[in-house]
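I opened my notebook to look up how this chain folds. I started with the strands and then went on to the cores.

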Amino acid sequence: MVKITIVGRVIDGLPLAQGPRYVNEENDNFLCYKQQGEFILKEISRGALIPSMMTIRIDHHSLNYLIGNGACFMTLCDSSYPRKLAFHYLQDLQKEFERLDNSLVEKITRPYSFVKFDGVIGSIRKQYIDTRTQANLSKLNANTKKDSEIITEHISEILQRKRNSEISERLPATTPRTASPVWGSPLLEVIALKWTPITAIVAVAAILLWASLVLTDNFII
């Protein structure tokens, strides 16, 4: 069944609405899964998750999300719940959300403060609780190509990419060592070419002079 629903704003990752909450959800690790949904919303906001439609495996659940017109519609379902129905549910939420005044949505600053839409979520959710209704069976039997194109990932893969990103951001930027501007300058090359032969001649002359002095001393002795 549909357990958690979150409607959020993509630009800043702010969760706007979540629909009515039920007691049995609170007992089923509701807060933990809700936090993971909020984490996914933040990852979408910062551009870490690019697909506009995606299924994320979390334990024995599937977190499905749909992005459209600057909003993200997300639902957590049992892994056995038909994915096609989950996305039909999200599409129905998107249609209702797009009827609202966009300027009103932009003014929201506190998480889950768009209580006006909570009732809409609850009403649409009731239509998808029983997967065997005639309306839902018709949706399941419809040939939808998009369903097979939806990317599926496990939450552990997303968390690992997040950790790798944080590690790379903490590493100091390493710059290659460059040669000293003095020792690598063209001027020094010219000086070396000019004075190297002279230095060699002076060195040879000094050696010959020293040798001649030694021979002279030996001859005198």
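Entry 1, terms. I count two strands as paired if DSSP finds at least two bridges between them. Helices (H or I, at least four residues) and strands (E, at least two) are DSSP runs, numbered from the N terminus. I looked up β1 (residues 2–9) and found seven bridges to β5 (residues 71–78), with the two strands antiparallel. Ile 6 has Met 74 of β5 as its bridge partner.

The model is predicted, so local features need pLDDT of at least 70 and side-chain atom pairs count only at pLDDT 80 or more, while totals for chains, interfaces and linings use all residues. Residues are numbered from 1 along each chain as its sequence is written, and side-chain values use heavy atoms, with hydrogens and water left out.

I checked pLDDT, the predictor's confidence in each residue, from 0 to 100. The protein averages 84, and 77% of the residues score at least 70. Confidence is lowest in helix α1 (residues 23–26), with a mean of 53. It is highest in β2, at 97.

What is the order of the six strands in the open sheet? I read β2-β1-β5-β4-β3-β6, with mixed pairing. β2 (14–17) and β6 (151–154) are at the edges with a single partner strand each, so one side of each has no neighbour in the sheet. The twist averages 30° from one strand to the next. Angles run from 0 to 180 degrees between N-to-C directions, and axes are lines fitted to C-alpha atoms, for helices over the stretch in contact. Helix α8 (residues 155–170) lies across β3 (53–58) and β6, at about 75° to β6.

A nonpolar core is a set of buried Ala, Val, Leu, Ile, Met, Phe, Trp, Tyr and Cys residues joined through side-chain atoms within 4.5 Å. Buried means under 20% relative accessible area (1.4 Å probe, protein chains only). The largest core has 26 residues, and Tyr 89 and Phe 97 are among those with the most contacts inside it. Which element gives the most to this core? I found α3, with seven residues. Apart from this core lies another of 20 residues, including Ile 4 and Ile 158.

Asp 78 lies in β5. Its side chain makes a polar contact of 3.2 Å with that of Lys 3. A polar contact is a pair of N or O atoms within 3.5 Å; within protein, one must be able to donate a hydrogen and the other to accept it, and residues adjacent in sequence count only if both atoms are side-chain atoms.

Conventions
Contact means heavy atoms within 4.5 Å. Buried means under 20% relative accessible area, exposed over 50%, partly exposed in between (1.4 Å probe, protein chains only).
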